[in-house]
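Good morning, and thank you for the time. I shall go through one structure, from its overall layout to a few individual residues.

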Amino acid sequence: MSTFSGVGTALSSLIAQRQALDVSAQNIANANTVGYTRQRLNLTSIASQSVPSMFATTDGVGQGTRSAGTMRLGDVFLDAKVRVASGNAAFLAARAQAHAALETSVGEPAAPGLSGLLSDLWAGWADVANGSDRDAARAVLLERGNAVATGLHTLYADARTQWQQARTTTVALVDRVNTAATSVADLNEKILAIENSGGSAHELSDQRDLLVTELASLVGATSRVRENGQVDVLVGGNTLVTGDDASALAVSGATSFVQATAGEAVTVVWARLPDHPAGLDGGRVAGLLSVLAPAGDGGLLTGAAARYDAIATEIATQVNALHTTGVTPTGAAGGDFFTFTAGQPAALGLTVALTQAGQVAAGAPGQGEYDGSVAARIAQLGTAATGPDARWRGVVADLGVQTASATSRSKVAATMLASAESQQLSNASVDIDEETVNMLAYQRAYEGAARVLTAIDEMLDTLINRTGIVGR
Amino acid sequence: MVSRVTHTTVQRSTLANLQLNLATAARLQQQMSSGRRISTASDDPAGASDLLRLRADQRNNAQYVRNAADGDAWLATVDDSLQATLLGLRQARDLAVRAGSGALNADAREALAAEVDARRDELLQQANTTYSGRHVFAGTSAGPAVTADTTTTPPTYTWNSTGAPVTRQVGPQATVQVDADGASVFGAGAGSAFAVLDALAASIRAGSNDMTSHIDAIDTRLSAALEHVASVGARHSQVLAAQDTLADRSVTLTQHVSGIEDVDLAEIILQVQAQEVAYQGALGAAAKVLQPSLLDFLR
């Protein structure tokens, strides 16, 4: 055993405690950094130098301590849980938002929406029945007919605008996915290089984990850690990122609401293989795709448009069926009251066919110029069990039920995500108290090591400077 | 798993709870300020559907009220006109009795005949009574109810009516006829009140003393008009009863709408108060939990 070996032991402790303090400093510095995972310095004791032999002077005591590298205290299972939950929550949130937006555009029952306009129309017919001699009542009726048509145009246009916005958002999000995938691939490459050269890339890993979580929330991506520490990202079972290579996604399919209502879907495909859909099973993009889907596949907006069309057709058919049986005050046969602009969807093309008040056919043939019996029968459509009003109430109630269900599902998913995130954070986040205690411990150990050094120094001083000076 | 608690997790959960409290407070505040429990269909889909139906009912009810008011005015006009007609016919009958009761000289007969003519004109005017521009005895036809052709002797009277009734809908299942058919009130052709009075005047001028047939003819018209007075009265009371029903129904509908849509103010104020207490509690807890750390207690 060397005389100076104690000095080495104390030095190793001084170095190790200082390193540990550095790690604490890094933890405290990043206490509020999003995505930061706390680190800890692993200390390991150094064993005694050699096997005792006949003339060995070793006493078998170890040689001090050394750092065995910093450890990143993340938990891949908790991370995976957060990713699954965030994919699910983002999917449901996108659907809930779309439902709420559509419900707002319908406006019922808080604002006087289509139901109010329809009630006005039927009241207009009743007024014509009462005052069938007055052109004013007929003129008011035409305006109310126009108001109903305009109301339906607005509803349809709102659905169309929402669809266009959702599609634009989808394209932007897919771009973001491609950027994030490229970043993950770059980070994979850097991290591997740093770790191969013996460095620590924990901070880069934090960034990579954040990006993978973002991908999970965008397209429901899952991840798989390779043996070399690189992370593969999978979308719908296929790899979006393998090692340092990233694939790209692209948006394909319907580009306009007309195409969507005709039954064409919007899909996300692989940029390299445009015929292969990515098969997203979660994430905000998948939620938007389900909103953009054709009516046959349960698309929200195209379904709403189809219902508006059905209502418009219903109004026109029922009113026209009665109106054509009537005659005008001059005895001319009543034509169609409502008509459709050719080449337009019913809800967008609905217009009042009559241009003059005198063309309103309120009376039955052969019943006198001022007969209002046909107008009275049309006014009764408002209370008919199969009338447009009853249908519209059904549409509003359906939308309400769907929105309520989408909102509550989204809330549940958000709660699950919050719980998963809090579990992940409770494991990975920095605790200032804990770091303070660690700092105390490292500081005391540092002081102790320094004291050991002093003791050895004094011992050597005794040996070197005070030996052999007896009686001096 | 045993959760490790750090400043970050405490901070996050505190923030989440504050958000939750604030969201509830905002929802209650919105309900209180708008006075409405249902602002979107998803708040209560079934309630929203009921609400739309009840509002449509309210609107229909308002229309029925308008119809009934219109019908009321028509029937009142018809009734007034029938009363005037009865008066005219009775006066004509008195004139006929006077003409048949004694020897009158030519001047007196002419005076009586002129008076009968005046009664006939009065009846013609009543037959063409209008309400708001519509001839109430013309049914659904336009133009005067009865036109007199004085070029012939005696004059001929033509009714301008298709016989189709004018009706008003005063309830979901209640339709009331609000006019009276002129031809059946005043009679048509030679038996019409006008022709009867023309014949009476002619008889008086001719110096006839036997007015029995004329009095009989006037009586026939009188009883016909009386029948219509009774019928119009019955229908008028039906409209008045319908107006009462509609007023009641309007109150009931408003109550129903309010029951579905309106918030219970006392309840919501209590909830808002409770929410405020909860929010302040959460804020206080946040202030206490987030402040201290070990650093406060070390030198």
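I begin with chain A, which is divided into domain 1 (5–73 + 430–465), domain 2 (79–106 + 170–298) and domain 3 (114–155 + 302–398); such bounds come from an automatic or database domain assignment. Taken over C-alpha atoms, the centres of domain 1 of chain A and domain 3 of chain A are separated by 89 Å.

A word on conventions. This is a predicted model, in which local features need pLDDT of at least 70 and side-chain atom pairs count only at pLDDT 80 or more, while totals for chains, interfaces and linings use all residues. Residues are numbered from 1 along each chain as its sequence is written, and chains are lettered from A and ligands numbered from 1 in the order in which they are written.

As to confidence, the predictor gives the complex an ipTM of 0.87 and a pTM of 0.87. Chain B averages a pLDDT (the predictor's confidence in each residue, from 0 to 100) of 90, and 99% of the residues score at least 70. Among the elements of chain B, the lowest mean pLDDT, 88, belongs to helix H1 (residues 7–34) of chain B, and the highest, 94, to helix H6 (residues 212–261) of chain B. Where pLDDT is low, predicted coordinates should not be read in detail.

Let me turn to chain B as a whole. Its domain assignment gives domain 1 (1–32 + 269–299) and domain 2 (52–256), and 81 Å separate the centres of domain 1 of chain B and domain 2 of chain B, over C-alpha atoms. Chain B contains seven helices and six strands; here helices (H or I, at least four residues) and strands (E, at least two) are DSSP runs, numbered from the N terminus. Along the sequence, the pattern in chain B is α-α-α-β-β-β-β-β-β-α-α-α-α.

The C-alpha atoms of chain B fill a box of roughly 140 × 30 × 25 Å along the principal axes. The radius of gyration of chain B is 39 Å, whereas a compact globule of 299 residues would have one near 19 Å. That radius is taken over C-alpha atoms, and the globule rule is 2.2 Å times the number of residues to the power 0.38. Of the 299 residues in chain B, 33% are buried. A residue is buried if 20 or more other C-beta atoms lie within 10 Å of its own, exposed if 12 or fewer, and partly exposed in between, with C-beta atoms placed from the backbone.

How do the two chains meet? In the model, 42 residues of chain A are in contact with 45 residues of chain B, contact being C-beta atoms, placed from the backbone, within 7 Å. On the chain A side, the elements that give two or more residues are helix H3 (114–130), helix H11 (388–428) and helix H12 (432–465) of chain A. H11(A) gives the most, with 15 residues.

Next, the interior. A nonpolar core is a set of buried Ala, Val, Leu, Ile, Met, Phe, Trp, Tyr and Cys residues joined through C-beta atoms within 7 Å. The largest such core has 115 residues, and those touching the most other members include Trp125(A), Leu152(A) and Val285(A). Helix H4 (residues 135–196) of chain A gives the most to this core, with 19 residues. Apart from this core lies another, of 47 residues, among them Leu124(B), Val136(B), Ala183(B) and Ala195(B).

Is Ala94(A) buried or exposed? Ala94(A) counts as buried, because 25 other C-beta atoms lie within 10 Å. This residue is found in helix H2 (residues 76–106) of chain A. The C-alpha atoms of Ala94(A) and Gly283(A) are separated by 8.5 Å, although the two residues are 189 apart along the chain. Leaving out residues up to four places away in sequence, Ala94(A) touches Arg284(A), Gly287(A), Leu288(A) and Val291(A).

I close with backbone geometry. Most residues other than glycine have a negative phi, and most peptide bonds are trans. Glu108(A) and Pro109(A) are joined by a cis peptide bond, with omega about -5°; Pro109(A) is found in the loop between H2 and H3 of chain A. Another cis peptide bond joins Thr153(B) and Pro154(B), with omega about -10°, and Pro154(B) lies in the loop between strand E3 (146–149) and strand E4 (156–159) of chain B. Ser132(B), not a glycine, has a positive phi of about 50°.

Terms used:
Two residues are in contact if their C-beta atoms, placed from the backbone, lie within 7 Å.
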